[in-house]
Amino acid sequence: MEILKQVVGIDVSKAELICCLGTLQTDQNCTFSSVKMFPNTLKGFSDLVQWAEELKSASEMAIVYVMEATGVYYEGLAFYLASQSYDLAVMLPNKVKHYAKSLNQKSKESLKPGLDTLPERDPPAAPSQAFP
């Protein structure tokens, strides 16, 4: 299968970065790495990038790093990734929450980091009754 997208979802807190690499294949199958934690420091940022590069598929497709805008805690990582010319997306927390609701998730925490950027929504169910 060909890889369509590779995303590192990052849950950012004051002290640490909780990361998971997800891939989306042409058959719409999603696969995820195990979760890895890094300190929210410059050394942690470089370790995160090195980890992601080691895990990424053999394809030349770039990894997109995705995180929520959590106060000021995400800024150091976002500036680091941007300065190194990595693809980066910073999501507003309310957008992630509403997207999780659209997938019938109880809360955004039930999504794996990065999952909110991978799957396509299922089409709405057909009405169970015909309406005149």
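This is a predicted model: local features need pLDDT of at least 70, side-chain atom pairs count only at pLDDT 80 or more; totals for chains, interfaces and linings use all residues.

Visitor: How much of the chain is buried?
Guide: Of the 132 residues, 35% are buried. The chain exposes about 8200 Å², and carbon and sulfur atoms supply 55% of that area.

Visitor: And where is Lys56?
Guide: Lys56 sits in the loop between helix 1 (42-55) and strand 5 (63-68).

Visitor: What does Lys56 touch, leaving out residues up to four places away in sequence?
Guide: Lys56 touches Gln6, Leu21, Met61 and Ile63 on that basis. Gln6 is 50 residues from Lys56 along the chain, yet their C-alpha atoms are separated by 7.3 Å.

Visitor: Switching to strand 5. Mostly covered or mostly open?
Guide: Strand 5 is mostly covered, with 5 of its 6 residues buried.

Visitor: Which way does strand 1 run relative to strand 5, parallel or antiparallel?
Guide: Parallel: 5 bridges join strand 1 (residues 3-12) to strand 5. In one of these pairings, Val7 has Val64 of strand 5 as its bridge partner.

Visitor: What about strand 5 and strand 6?
Guide: Strand 5 also pairs with strand 6 (residues 87-91) in the parallel sense, over 5 bridges. There, Met67 has Val90 of strand 6 as its bridge partner.

Visitor: Which helix does the chain pass through from strand 5 to strand 6?
Guide: It crosses through helix 2 (residues 75-83), and this β-α-β crossover is right-handed.

How values were computed
Residues are numbered from 1 along each chain as its sequence is written. Side-chain values use heavy atoms; hydrogens and water are left out. Buried means under 20% relative accessible area, exposed over 50%, partly exposed in between (1.4 Å probe, protein chains only). Accessible areas come from the Shrake-Rupley method with a 1.4 Å probe; for residues, only the protein chains shown count as cover. Helices (H or I, at least four residues) and strands (E, at least two) are DSSP runs, numbered from the N terminus. Contact means heavy atoms within 4.5 Å. Two strands pair if DSSP finds at least two bridges between them. A crossover is right-handed if, with the strands pointing away from the viewer, the path from the first strand over the helix to the second runs clockwise.
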